[in-house]
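Here is a friendly briefing to read alongside the sequence and the 3D view. Keep both open as you go, and try to find each part for yourself.

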Amino acid sequence: MSTTIKSRTIKTAALCALLLSGLAHATDLAQIKQKGVMTVAMSGEYPPFSQPSLKGGLEGFDVDVANELGKRMGVKVNVVKTEFPSIIAGIQAGIFDLAVASQGKTPERAKAVDFSDAPYYYDGVQLFAPLGSKATGLASLKGQPVGVALGTTFEATLKEKGHDKIVSYSGEQEGFLALAAGRVQAFLTEKSVGAVAIQKGVKMMPVGPVVASDATYVTFAKNSPALAAAVNKALNDMRADGTLKKISMKWVGLDLSVPSK
Amino acid sequence: MEILLNPDVLSSLWQGTQITLALTFFASIGGLLLGLLAAVAKSSRVIVLRAIAVAYIELFRGTPLLVQLFFLYFALPQLTGITLPAFTTAAIGLSLFAGAYTAEIVRGSLNAVASGQREAATALGLKPLQVLLEVQLPQATRIALPALGNQFIGLLKDSSLASVITVTELLLSTRGLVSVTYQPVALYAATGLIYFLLSNVASRVFAVLEHRLNRPYRTATR
């Protein structure tokens, strides 16, 4: 009796260990090639980088970069829309193979995942305020609510600059709504994201100079050297042959594939 | 799991828990008052009162809480020019939502009080308001209690929707922590456990209340 229980316990334990190791295992290139499909995460709420397509699924700068990477690496690409703050945890858990999610580099993120050697676009952090606002920059907004998207480098920047009233929204779109509703006096985000929102009819304007320069990277699980090498090579080729520039011109109307002067 | 020993993480979870409790507390009081008013109005002989009560109950029962909160938070300031703080908005939204459900609980419980009670009280010369407050409601409370307990526990968890309108209650605190520590498993497990413990305490409190309110009935049957 006791032996059966024991062996059952051992079997269960072994099964759990197997499941856990399966979950925790970092995906490297060989496994992705074996599956034939590369799962790529992005927020899907960050136009023009990722946004819902009217044909279904997602489209945007990040989507095109993800598809191009897959093409050059010889695998199909499955783009998954996921909440921005959960992307890194998903990579660590092995749910996503890559993220092409407009992620900037921070020391905390670098501890959790690996970054591509070079950025895939260069941009800047910009403050936006409602039309007619008297704000001249972050300093002029002391004590007033400034919005930002949760878990972003913009949130980190705002904390770093010591702003005293930070309101975190789940994404940029809620932030623009909050700006229109007068919930916040300004919103901090990527310069090109704000510029596209203004083109699309969001009533706001850039305020002050670019707060900080920003560059975004492709991220993937740590200890996946073959995947890292393949991503870096594909990215370099895309920059060299002008594909990256073409994608940038298509979605932003500017060349973000190289740092602006 | 060692993330849960970090004092900053613990204090953030504790602050979130306090806000969740405060939100649930205000919303259940507000919901109870609104529910009482709507229940009485729906049973009223005045057709206008009845219509208002029905419209209120159907509107707030028939739309998702998430949509209601978004509307109060983003649309109301643009329509009326009144901007309430996020916490107040969430407390009002949850009260309105809970009130619609509570109204039907209260109405059902009032109907369950034997009609002889009202007739006897009227025959003794009590005014209609006295009949309601001193005869019908005390008995209806006992009948309503299990359903109100359900409602309270539901509200405790529904308060997590306030996270979408920037109220840093327990769930938003956790999401913030996940976004900086990348430890979703331990953090969401801890948050689930906190909600579970809170609802468990709530159901025990309601069990005690029910026991107390049943006392006269127990002695009567003995």
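What pattern does chain B follow when read along the sequence? Chain B reads α-α-α-α-α-α-α-α-α, so please bear in mind as you look that this is a predicted model.

**Chain B as a whole**

- Chain B has nine helices and zero strands.
- Chain B has 222 residues, and 42% of them count as buried.
- Among contacts in chain B with a separation of 6 or more, 73% link residues 24 or more positions apart.

**The largest pocket**

- A probe the size of a water molecule, rolled over the atoms, shows where empty space is left.
- The volume of the largest pocket is about 570 Å³.
- Its lining takes in 18 residues, and those nearest the centre of the pocket are B:Ser43, B:Arg118, B:Pro128, B:Leu132 and B:Gln136.
- The largest share, four residues, comes from α6(B).
- Sorted by class, the lining of the largest pocket holds eight nonpolar, six polar and four charged residues.

- Searching the whole structure turns up two cavities of 30 Å³ or more.
- The largest cavity has a volume of about 40 Å³.
- Residues of chains A and B line the largest cavity: A:Phe84, A:Pro85, A:Ile88, A:Gln103, A:Arg109 and A:Gly151, together with B:Ser179 and B:Tyr182.
- Four nonpolar, three polar and one charged residue make up the lining of the largest cavity.
- The second largest cavity holds about 30 Å³ of space.
- Around the second largest cavity you can find A:Leu150, A:Ser168, A:Tyr169 and A:Ser170, along with B:Ser163, B:Val164, B:Thr166, B:Leu172 and B:Arg175.
- Both β9 (166–169) of chain A and α7 (170–181) of chain B supply at least two residues of that lining.
- The classes in the lining of the second largest cavity are four nonpolar, four polar and one charged.

- Helix α3 of chain A runs over residues 61–73, which is 13 residues.
- From its first C-alpha to its last, α3(A) reaches 18 Å, close to the 18 Å expected at 1.5 Å a residue.
- How many of the residues of α3(A) are buried? Ten of the 13 are, which makes the helix mostly covered.
- The buried residues include A:Phe61, A:Val63, A:Val65, A:Leu69 and A:Met73, and A:Asp62, A:Asp64 and A:Glu68 are buried as well.
- Just after α3(A) comes A:Gly74, with a positive phi of about 75°.

**A strand with several partners in chain A**

- Strand β11 of chain A (residues 204–220) runs antiparallel to strand β5 (residues 98–104) of chain A, and four bridges join them.
- In this pairing, A:Leu98 stands opposite A:Phe220 in β11(A).
- Strand β6 (residues 114–115) of chain A also pairs with β11(A) in the antiparallel sense, over two bridges.
- Here A:Asp114 stands opposite A:Phe220 in β11(A).
- Nine bridges link β11(A) to strand β7 (residues 121–130) of chain A, again in the antiparallel sense.
- Across from A:Pro130 stands A:Met204 in β11(A).

Key. Residues numbered from 1 in each chain as written. Chains lettered and ligands numbered in written order. Predicted model: local features only at pLDDT ≥ 70, side-chain atom pairs only at ≥ 80, totals over all residues. Heavy atoms only, no water. 1 Å grid on protein atoms, 1.4 Å probe; cavity = no way out; pocket = protein on both sides within 12 Å on 5 of 7 lines; lining within 4 Å. Points joined across faces, edges and corners; volume = space filled by probe spheres on them. Nonpolar A, V, L, I, M, F, W, Y, C, P; charged D, E, K, R; others polar. Expected span 1.5 Å × (residues − 1). Buried < 20%, exposed > 50% of the residue type's maximum accessible area, 1.4 Å probe, protein only. Pairing = 2+ DSSP bridges. Contact = heavy atoms within 4.5 Å.
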